[in-house]
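Please keep the sequence and the model open while reading.

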Amino acid sequence: MKITQAQFIISAVQPHQYPEDALPEIALAGRSNVGKSSLINKLILRKNLARTSSQPGKTQQLNYYRVNEMIYLVDFPGYGYAKVSKTQREQFGEMIEKYIRDREPLKLQLLVIDIRHEPSAQDKLMYKWLKHYEIPTCIVATKADKIPRSKWDKHIKMIKKSLEADPRDSVVLFSSETGLGREQLWDIITEAIAT
Ligand SMILES: Nc1nc2c(ncn2[C@@H]2O[C@H](COP(=O)(O)OP(=O)(O)OP(=O)(O)O)[C@@H](O)[C@H]2O)c(=O)[nH]1
Ligand SMILES: [Mg+2]
């Protein structure tokens, strides 16, 4: 994918702030610090357009980035951050479930998982919601550079098993450090917006 344009649009705290031009949306969910913003930066080849972990868990908005006047990448706040209050956690759950359930332009959800660790309870819940609402989903196992290549296969299997992943969902090995998986992910995104 040749990136001709990439721009931050809005940090939306309320659905009425979501863009209204109906461009397809690709959303990214995952626990805090897993590497969602880094993945966005790698996809669009900008070092720091999506803000990376200055204030983990503090972001309670959906950050919209428009790419090539063609799609929005929607960066969700990370979940699982310990210092977040129960009320904030509930608000977060409501906002995300509502988005997944109601958001017409959502064409593909990326569930970003750290390849080194077993998916958390919240990862599993998120995946269940996605299946329940029949959202096309791609599991992205990121930080692949953190483990030796010889272990990739075993970790991918562990993640699929733990999520009870639908065999039809693609799983992409990714590294924001090396760019591994970038082209494959663009192919999956391109296919998702074409259908
Ligand atoms: N080695 C390596 N480090 C990564 C990778 N992806 C992200 N990181 C690092 O992990 C940390 C967190 O990355 P972020 O992209 O900010 O994570 P996030 O999921 O956006 O975090 P929140 O916005 O807090 O939810 C940063 O220090 C990144 O440099 C990767 O693929 N490989
Ligand atoms: Mg982030």
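## Helix H5

How far apart are the end C-alpha atoms of helix H5 (residues 182-194), and what should its 13 residues span? At 1.5 Å a residue the 13 residues should span 18 Å, and the end C-alpha atoms of H5 are 19 Å apart, which agrees. The expected span is 1.5 Å times one less than the number of residues in the helix. Helices (H or I, at least four residues) and strands (E, at least two) are DSSP runs, numbered from the N terminus.

The buried residues of H5 are Leu185, Ile189 and Ala192. They cover an arc of only 65° around the axis, which puts them on the same side of H5; the arc is that of the directions from the helix axis to the C-beta atoms. A residue is buried if 20 or more other C-beta atoms lie within 10 Å of its own, exposed if 12 or fewer, and partly exposed in between, with C-beta atoms placed from the backbone. The buried residues of H5 pack against E2, H1, E5, E6 and E7, whereas Glu183, Thr190 and Ala194 are exposed on the face turned away from the buried side.

## Basis of the model

This is a predicted model, in which local features need pLDDT of at least 70 and side-chain atom pairs count only at pLDDT 80 or more, while totals for chains, interfaces and linings use all residues. Residues are numbered from 1 along each chain as its sequence is written, and chains are lettered from A and ligands numbered from 1 in the order in which they are written.

## The sheet and its helices

Seven strands form an open sheet in the order E1-E3-E4-E2-E5-E6-E7, with mixed pairing. Strand E1 (6-12) and E7 stand at the edges with a single partner strand each, so one side of each is left without a neighbour in the sheet. From one strand to the next, the twist averages 25°. Two strands pair if DSSP finds at least two bridges between them. Strand E3 (residues 62-67) and strand E4 (residues 71-75) pair in the antiparallel sense over five bridges, and the partner of valine 67 is isoleucine 71 in E4.

Helix H1 (residues 36-44) lies across E1, strand E2 (25-30), E3, E4, strand E5 (106-114) and strand E6 (137-142), and runs at about 155° to E4. H4 lies across E5, E6 and E7, at about 140° to E6. Axes are lines fitted to C-alpha atoms, for helices over the stretch in contact, and angles run from 0 to 180 degrees between N-to-C directions.

## The nonpolar core

Of the 40 residues in the largest nonpolar core, Leu28, Leu73, Leu111 and Val140 touch the most other members. Such a core is a set of buried Ala, Val, Leu, Ile, Met, Phe, Trp, Tyr and Cys residues joined through C-beta atoms within 7 Å. E5 gives the most to this core, with six residues.

Leaving aside neighbours within four places in sequence, valine 140 is in contact with Leu39, Leu110, Leu111, Val112, Ile113, Val172, Phe174 and Leu185. Contact requires C-beta atoms, placed from the backbone, to lie within 7 Å.

## Loop residues

Alanine 22, in the loop between E1 and E2, has a positive phi of about 65° although it is not a glycine. Alanine 22 is exposed, with 8 other C-beta atoms within 10 Å. Lysine 143, in the loop between E6 and H4, also has a positive phi of about 65°, but lysine 143 is buried, with 20 other C-beta atoms within 10 Å.

Definitions and conventions: Contact = placed C-beta atoms within 7 Å.
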